[in-house]
Amino acid sequence: DVTVAAAVDKILSTQSKADQKIDALQVLLKCIKSRKFSGRNHFDKATNETTKDVLCSILGNIEKLNNTNDSFKEHVENSPLNLLYHLLHYCDDSIPEHMLISMVHFILCRISADEFRKHSAHLSKKSTWYCDPSIKVLEKRLKKAQSQSDENGESEELTELIKRLDNRLVAAQKLFYIEKIVTHSKCNSALLRSAMRDGLTQSRHGEVEVLTQTLSKLLREVGKEKKYRNTDAPNASSCVAQWLSAVIDSNMSTFLSSSGLSKKASTSIESAKKEVTAAVLQTKALLGLEELLDHAESMLHDNGENSSRSMDVSPPPLYGIESLIF
């Protein structure tokens, strides 16, 4: 507790030098990696600085440090995204709702495409946590297109393909992190709604609409995913549905009053409705299948009992029916 408090205070202090802040960040990362760190118990009580959101303040300080010092920016370990990775990977069910919202806000609004590229290249070789089939496919396609461009020279078609693949890759990496945040743990619905009202600070600039569309896409993806999930982990579809409900409910006034963003708001609502409808239909089909399987199991059970009863009757007589006739 003392180590975390000292590291957080050093990062947030305006009196600390850049080198001291980086050293404090590395200490904080080691504490998180020990798996003894709890965002719920440590972060909010870790500083004497006056701040409403400790995580958001730390991420902002790291971001500012990287933007003003190129030598620090070159090291992936010093990035805000690396801190988010450590929290999601090593803090099991110990991140409160307002911290999760701060993470989502930074992923959507503050993390640059270049930071996603660097962190992905660094992390994909070191951690099995960062493993997503769609990202790997896009990385292979992008690498192939870049090698063709190097061999055959640049062309308008190849340049456009590389740009399009690069944008899709960054979008997939954002979606990967949003999924990790949303499915990290089961949230308290009231606290989640409250955190969304306070934490989505760019709601007037389309943040709510983008998050709604992202969650709608996630609802479709998690419904058909085949990758292994820990049996103790919360149900991914339930988590996404909870977040989608919370973001729409807590920002209804934003959707209704956004005259300049009315088209985007309408599109995001329509997208959410489409995916929710598809999920409901799938759920109804699964419920019907469950009833059918229950009925089949019941019939098999009854047949098993009937067959066991027929074997429990007395032994057959030594004569057959033919001998009685003749």
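Helix H8, which spans residues 133-152, contains 20 residues and extends 29 Å from its first C-alpha to its last, close to the 28 Å expected at 1.5 Å a residue, where the expected span is 1.5 Å times one less than the number of residues. Helices here (H or I, at least four residues) are DSSP runs numbered from the N terminus. The structure is a predicted model, in which local features need pLDDT of at least 70 and side-chain atom pairs count only at pLDDT 80 or more, while totals for chains, interfaces and linings use all residues. Residues are numbered from 1 along each chain as its sequence is written, and side-chain values use heavy atoms, with hydrogens and water left out.

Within H8, the residues Ile-135, Leu-138, Leu-142, Ala-145 and Ser-149 are buried, a term that denotes under 20% relative accessible area, whereas exposed denotes over 50% and partly exposed the range in between (1.4 Å probe, protein chains only). An α-helix has 3.6 residues a turn, so residues three or four places apart point the same way. On the other side of H8, Pro-133, Lys-140, Lys-143, Lys-144, Asp-150, Glu-151 and Asn-152 are exposed. The buried residues of H8 pack against helix H9 (156-182), contact being defined as heavy atoms within 4.5 Å. After H8 comes Gly-153, which has a positive phi, near 90 degrees.

Helix H9 also packs with helix H7 (residues 113-123), at an angle of about 75 degrees and with the two axes 10 Å apart; axes are lines fitted to C-alpha atoms, for helices over the stretch in contact, and angles run from 0 to 180 degrees between N-to-C directions. H7 is therefore roughly perpendicular to H9, a class covering angles of 65 to 115 degrees, with those under 35 counted as roughly parallel, those over 145 as roughly antiparallel and the rest as oblique. Residues of H7 that meet H9 include Phe-116, Arg-117 and Leu-123, and their counterparts in H9 include Asp-166, Val-170 and Tyr-177.

In the loop between helix H2 (18-33) and helix H3 (54-68) lies Arg-35, which has a positive phi of about 65 degrees although it is not a glycine. Arg-35 is partly exposed, with a relative accessible area of 44%.

How values were computed. Helices (H or I, at least four residues) and strands (E, at least two) are DSSP runs, numbered from the N terminus.
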